[in-house]
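The tour begins at one residue and then widens to the whole chain.

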Amino acid sequence: QVQVVESGGGLVQAGGSLRLSCTISGNIVRINDMGWYRQAPEKQRERVAGITKDGRTHYEEFVKGRFTISRDNAKNMTFLQMNSLKPEDTAVYYCNARVVRTDIPGAYDYWGQGTQVTVSS
């Protein structure tokens with residue numbers, strides 16, 4: 001089994017910052033790509049940022065220059081530093097990890113339960 005747990009969400013004023021953390025645990029050989037997604041009320045889930053196992057990053061245009069994704073391979077964690085937050089960043093943020101497991105062949109996507117980020121104006 002693999003578990004994905006996000007933390008660090010909360011309520012912040014516009015212009016403020018939050019740092020999200022995601023811990024992946026379980027029967028893990030290796031974690032390939034990791035990413036953060038978000039879903040606002042009545043909207044589809046959208047990708048925010050991604051990072052490969054080698055540390056290459058990708059950001060969606062609406063967060064470039066404000067958000068930074070990183071990872072700690074030794075601890076099986078990924079982080080999302082969010083600065084200059086805007087009310088439109090309000091959403092549930094989800095962590096995604098593509099995991100190679102010890103007990104079955106192949107790589108599989110796992111999702112956390114999400115953490116709420118609310119930005120007040």
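In which strand does R101 lie? Select residues 91-101: this is strand β9, and R101 belongs to it. Strands here are DSSP runs of E of at least two residues, numbered from the N terminus. The model is predicted, so local features need pLDDT of at least 70 and side-chain atom pairs count only at pLDDT 80 or more, whereas totals for chains, interfaces and linings use all residues. Residues are numbered from 1 along each chain as its sequence is written, and side-chain values use heavy atoms, with hydrogens and water left out.

Next, display the side chain of R101. Is this residue buried or exposed? R101 is buried, because its relative accessible area is 13%; buried means under 20% and exposed over 50%, with a 1.4 Å probe and protein chains only.

The side chain of R101 makes a polar contact of 2.7 Å with that of D103, and another of 2.8 Å with that of Y110. A polar contact is a pair of N or O atoms within 3.5 Å, one able to donate a hydrogen and the other to accept it.

Finally, show the whole chain as a cartoon. The chain has 11 strands and 0 helices. Its C-alpha trace spans about 50 × 25 × 25 Å along the principal axes. Of its 121 residues, 41% count as buried.

Methods: Helices (H or I, at least four residues) and strands (E, at least two) are DSSP runs, numbered from the N terminus.
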